[in-house]
Amino acid sequence: MLYQFEFRTYQRKFKRPLQTSHGIWDIREGIILRLVGENGRIGWGEIAPLSWFGSENFDQALDFCDQLPGNISSEMIFAISSQLPACQFGFESAVSNSRSPLTPLNKGGTRNILKVPWIQAGNEEEKNRFSGLLPAGETALQALPILWLEGYRTFKWKIGVAAIEEELKIFQQLIQVMHNLCDRESAFLRLDANGGLSYSQAKTWLEACDKVKATDFSASIEFLEQPLPVTQFQEMVELNAIYATPIALDESAANLDRIQECYSQGWRGIFVIKPAISGSPSQLRKFCQTHNIDAVFSSVFETKIGRQAALNLATQLSLNKRALGFGTDSWFDDNHSILDFRF
């Protein structure tokens, strides 16, 4: 199959910069793809790189798109290198979601406005399927009740950003806020260190989490995400065996190659999988289904095009029905973003 290929870049500004142990992130850049098949069917895809997490960077993805001809084959798409995992995801997604044109192609040069069906977290039932992302630091204490009222029951909080003593104090306050909000419902908290803790700090956090698990049955700690750097895989295996609070691999499982490597080294715990940077969706699907992976699927702050494709995968592969990490829409201020998706 041959496809007519076009692309556009975008920038989305965060309402407030996202703080992690990797640093501060204030603008999300990416690329929107459009493939038009010989049968006139249109497919949309998104390349949303996250270089500090293990994917190619934006410039590498843009260079790749720039060097492609205006007409590309399905063979070319499925031969994209695993060194470009975000590109693999974007192009394969565009092939798999192709559908009849929603607007006729204009041969006179006028650009058609992008129109695709979205999945949105539009009501409480849907938001209960997602985890809400809390801001780092004390601001989380004000954000959590707001997300609760919006329907979220699973929350994710970034740690390893400030001094551990300060964060542990806020942690106890967060648990109290969750406890006060819970009546006959349970709430879940995920702690995400982005590999920013030392071994001793990871032990301190796991001990604090275990105490909550043992004494508070309404506010539950679901897992501690990527406490140590990627290079300390064996230490995370060791900690996962000692403490009651599970560890989830995130940066260590940034793409399919890394997921396979961790599995081959014996990891049978939780994997946090970000489909938009994991690589080939078809290969990821095959691996997860073959090995019954316990996966939590998560966003990389892609637009709704990449989000739709990622959610399609997550729906198929979420064995344990864990909340999906896609409660991210409220983080963007699209009034100050470059989002011209016209072709």
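1. The largest cavity holds about 200 Å³ of space. This is a predicted model: local features need pLDDT of at least 70, side-chain atom pairs count only at pLDDT 80 or more, and totals for chains, interfaces and linings use all residues. Residue numbers run from 1 along each chain as its sequence is written, and side-chain values use heavy atoms, without hydrogens or water. A cavity is a set of points on a 1 Å grid over the protein atoms alone where a 1.4 Å probe fits but cannot get out. The volume is the space filled by probe spheres set on the points.

2. The largest cavity is lined by 23 residues, and K156, K158, S298, S299 and F301 are the closest to its centre. Lining residues have an atom within 4 Å of a point. Strand 1 (2-20), strand 5 (130-134), strand 6 (154-158) and strand 12 (324-327) each give two or more residues to this lining. Strands are DSSP runs (E, at least two residues), helices likewise (H or I, at least four). The whole structure has 3 cavities of 30 Å³ or more.

3. K156 also forms a salt bridge with D192 (3.4 Å, N to O). The term requires a side-chain nitrogen of Lys or Arg within 4 Å of a carboxyl oxygen of Asp or Glu. K156 sits in strand 6 and D192 in strand 7 (residues 187-192), 36 residues apart. The count of salt bridges is 8.

4. E29, D59, D63 and D66 form a negative surface patch. Patch residues have over 30% relative accessible area (Shrake-Rupley, 1.4 Å probe) and no salt bridge, with like charges joined within 9 Å. Helix 1 (residues 58-67) gives the most to the patch, with 3 residues. D59 is found in helix 1.

Terms used: Patch = residues over 30% accessible without salt bridge, like charges linked within 9 Å, V, L, I, M, F, W, Y side chains within 5 Å. Lys, Arg positive; Asp, Glu negative; His and termini not counted. Charge placed at Lys NZ, Arg CZ, Asp CG, Glu CD. 1 Å grid on protein atoms, 1.4 Å probe; cavity = no way out; pocket = protein on both sides within 12 Å on 5 of 7 lines; lining within 4 Å.
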